[in-house]
Every structure is written in C-alpha cells, then in structure tokens.
Amino acid sequence: MTESLGKSGTGRRLVTRVRAEQDAPPQPVQGAPHNGVDENIPPGVRLAGAWSWRLLVIAAAIAVLIFLIIQLRLIVIPLLVAVLVSALLVPVVAFLVRHRWPKGLAVAVAMTGTLVIVAGLITLATTQIAEGTSGLSARLSESYNNLKGFLSAAPFNLSETDINSYVQQGWTALQNDSQVFISGALSVGTTVGHLLTGLLLALFSLLFILIDGKTIWAWIVRLFPKRAQVAVNGAGIAGWTTLGNFAKVQILVASIDAVGIGLGAALLGVPLAVPIGILVFLGSFIPIIGAVATGFVAVFIALIFNSWVTALLMLGVVLLVQQVEGHVLQPLIMGTAVKVHPLGVVLVVAAGALLAGIPGALFAVPIAAVLNVMTSYLSGGTWRGGTEASATTASSMLWRTVPRRPGYRQRSIQINHGKH
C-alpha cells in the first residue's frame with residue numbers, strides 16, 4: 001500500500017511539473033538579442049525583410065553589371081555580334097568538316113561567304129537608291145504641290161503662309177530631334193573610327209570562335225567550382241542551341257517579311273522597293289517592333305511619292321504581312337525556337353532599347369531566350385545525374401523549329417531504349 005502511494009505521489013509531482021512547464025512563457029533563444037523589438041515583430045514582416053535586403057543586393061549586382069556593360073559597350077557589342085553570327089556559321093563549318101574539308105578552309109569559306117552576302121546587300125541597296133533618286137525630286141515636288149492643294153481646299157482652308165509656317169516648324173523639330181539621334185548614335189560608337197574598330201573586333205572574335213570555340217568554352221567552364229561545372233556546361237549547351245535556333249529562324253522570318261513588303265511595294269509602284277525590302281530584312285531582326293517600324297517607312301514613302309490611296313494600300317500590305325508573322329510564323333516557328341511569350345518579347349525589346357538603344361533592342365530577345373533556357377535547365381536538375389543538354393535530333397534546320405505532337409519525345413525515347 002505504501003509503495004503504491006509513493007508511486008502515485010511521484011506521478012502527481014511529474015504531472016504538476018509538466019503542466020507548469022507548458023504554462024510557463026517561452027524562454028528566449030540563447031544568444032538572441034533582447035532589445036524588445038525583434039521579439040514583437042510578426043514572422044511575416046521578418047520574412048519580408050529578409051527577402052527585401054537580399055533582392056536589393058541582387059538588384060545592385062545587376063545594376064553594376066549593366067553599368068560595366070554600358071561602359072565597355074565598344075567591346076561588348078562587337079563580341080555579341082560575333083557570338084550571334086557564329087551561332088549561324090558553326091553548323092556550316094561543322095557540316096563542311098564532316099564532309100572532309102580542312103577546318104581552316106571551312107572557316108575561311110564560311111566567313112568569306114558571309115562577308116560577300118553582306119557586301120552584296122549593301123551594294124544592291126546603294127545601287128537601287130542611286131538609280132531611283134534621278135526622278136524622285138520631280139515626284140517629290142509634284143507630291144508637295146498636291147499636298148498644298150489638298151490643305152488649301154475645304155475643310156482645312158489653309159493659306160500658303162500657314163502651310164509654309166507649319167513646314168518650317170516641322171523642319172526645325174526634325175533638326176532638333178536629329179541632334180538627339182546623332183548624339184545617341186555617337187554614344188554607342190557609330191563614328192567611323194568606332195565602327196571600323198568594332199568591325200575588326202567582331203571579325204577577330206568570330207574567327208577564333210569558329211576555330212577554337214570549344215576550347216574557349218571549356219576554359220570558361222573551368223572558372224567555376226568543380227561541383228558546378230557539370231551544371232554550367234549543360235546550361236551553356238542548352239543556351240547555345242537556343243541561340244542557334246533563334247538566329248536561323250529569325251533569318252527565315254526576316255526574309256519572309258522583306259519579300260512580302262518589298263514585293264507589295266514593287267507591285268504598287270512605290271519607289272525604292274528593293275531598298276525598302278532590305279531595310280525590312282534588317283529591321284526584322286528586332287522581333288515584332290522592327291518589321292512594323294520599317295514597314296511604316298514604306299507607307300511614308302508611298303504617301304510622299306505616290307498618293308494617299310497607294311499609301312493606304314501599302315499600309316494594308318504591311319498589316320497583312322504582320323498578321324501572317326504574328327499568327328503563323330511567330331507561334332509556329334519563333335515560339336518553338338525561342339519559347340518567350342510575345343508580351344515578354346515586347347517588354348524585353350523596350351527595356352533593351354531604353355538601356356542601350358538599337359543594340360539593346362537587337363540583342364534583348366536572344367539574351368532573354370538564352371537566359372530563360374539556361375535557368376530552366378538549372379532549375380530542372382537533370383544535370384545532377386550527369387546528363388547534359390542535347391540538341392534536337394532532327395536533321396533539317398527548319399524541322400527543328402516545328403512543334404512536336406504531344407508525347408512525341410517520350411515515345412521516341414521509349415523506342416530508342418527498346419532498340420538498345
């Protein structure tokens with residue numbers, strides 16, 4: 001009996017002590033500061049503060065990187081041009097080497113062919129402009145007189161003095177804006193000396209990327225810690241594949257835009273149809289925005305040198321080509337190759353133009369596409385198994401951009417595993 005009472009008394013004391021510990025206020029963590037503030041901050045505010053200062057540090061690092069790129073733009077822009085062109089020429093060099101061409105000769109043929117194509121486009125444009133300007137002065141004078149007669153009639157009823165005053169104001173505004181454009185162009189190195197330096201640097205970089213690109217990339221990978229080298233290498237391969245797809249598909253889209261708008265201008269009798277097509281081709285390398293801007297140049301030329309009816313028809317041609325690009329080419333080809341939403345493309349191009357002008361608008365989309373693919377590869381975690389990104393197995397360059405049927409990749413992988 002005594003033993004049971006002793007045990008029951010011990011049990012009561014243990015229960016009492018446990019209840020006292022549960023009812024006691026929580027003790028502060030050892031080593032935590034007791035300032036009366038941190039203990040009273042809600043956990044949500046603490047979490048938001050922790051995220052905030054980390055995001056500020058990341059934003060500061062990105063701002064410093066952008067500042068350095070802008071300061072070194074005379075080096076960065078030619079290097080980016082060389083990388084973008086090399087994404088087109090590396091497959092050509094590899095194709096020639098596979099067919100037993102010496103690598104030096106393959107590189108020389110690829111670079112020489114590129115320079116010949118660029119020089120041919122410039123020569124064709126300048127020749128067409130020189131031939132077309134012979135009768136443009138008379139047509140421009142006739143168009144100006146027709147415009148003055150249109151403004152003098154109802155409902156405008158403008159006098160010749162008013163028209164001359166408006167023309168003078170527009171010319172003054174154009175001169176002021178041209179000073180802004182010239183200063184902005186000079187700021188990114190479009191003087192003759194900077195252009196020549198950038199061209200030589202781009203050709204020099206392109207030459208060595210074609211000759212020894214794999215060794216250069218291997219050296220870059222070795223700069224990272226050993227544990228991260230597999231991930232960096234796989235992400236780089238995925239980004240390089242995306243960049244090559246972007247360059248090839250963008251040339252296809254730009255060619256279709258140039259042929260459509262240039263042919264429409266020629267059929268409507270708009271002067272300088274060939275230079276308009278070349279301008280559209282070059283402008284189309286800025287997705288969505290470039291083709292629209294250069295297309296309206298064709299509309300303006302039609303309005304000045306032809307009539308407002310021809311200008312409206314030219315506008316219809318530009319809109320038709322843009323609708324084909326926006327609803328057929330972009331979703332079918334560009335969306336598969338780049339995987340960036342059209343809204344994202346517009347925002348990225350606008351941000352690039354604000355930061356770096358025309359070069360920023362040109363390189364914004366490929367940089368965004370490459371970063372998107374690289375981050376997706378790193379977050380996917382496939383590199384943890386030691387597997388690297390692989391290019392599409394299709395042999396045709398155009399077929400690589402065509403969307404596959406749902407489950408096509410999984411079925412093809414199962415078939416390949418079954419064969420092995």
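Visitor: Which backbone oxygen lies 2.7 Å from a polar atom of the side chain of S284?

Guide: In this predicted model, that oxygen belongs to V280, and the separation of 2.7 Å is taken to a polar atom of the S284 side chain. S284 itself is found in the loop that runs between α9 (273-283) and α10 (289-305).

Visitor: Is S284 buried or exposed, and why?

Guide: Burial is read from relative accessibility, with under 20% as the cut-off; S284 is therefore classed as buried, because its value is 2%. Setting aside neighbours within four places in sequence, S284 is in contact with Q250, A254, D257, G290 and A291.

Visitor: How many residues has the largest nonpolar core, and which have the most contacts inside it?

Guide: The general idea is that in soluble globular proteins nonpolar side chains tend to be buried together. Here the largest nonpolar core has 15 residues, and I261, A265, V270, I276 and M314 are those with the most contacts inside it. Two or more residues each come from α8 (226-267), α9, α10 and α11 (308-338), with α10 giving the largest share, five residues. I276, for its part, touches I261, A265, V270, P271, A298 and I301, when residues up to four places away in sequence are not counted. Another core, of 12 residues, lies apart from this one and includes A247, I286, V349 and V370.

Visitor: What does V221 touch, not counting residues up to four places away in sequence?

Guide: V221, which is found in helix α7 (residues 192-222), touches Q229, V232 and N233 on that count. V221 and V232 are 11 residues apart in sequence, while their C-alpha atoms are 6.6 Å apart in space. At 8% relative accessibility, V221 also counts as buried.

Key. Residues numbered from 1 in each chain as written. Predicted model: local features only at pLDDT ≥ 70, side-chain atom pairs only at ≥ 80, totals over all residues. Heavy atoms only, no water. Helix = DSSP H or I, 4+ residues; strand = E, 2+ residues; numbered from the N terminus. Buried < 20%, exposed > 50% of the residue type's maximum accessible area, 1.4 Å probe, protein only. Polar contact = N/O pair within 3.5 Å; in protein donor to acceptor, adjacent residues only side chain to side chain. Contact = heavy atoms within 4.5 Å. Core = buried A, V, L, I, M, F, W, Y, C linked by side-chain atoms within 4.5 Å.
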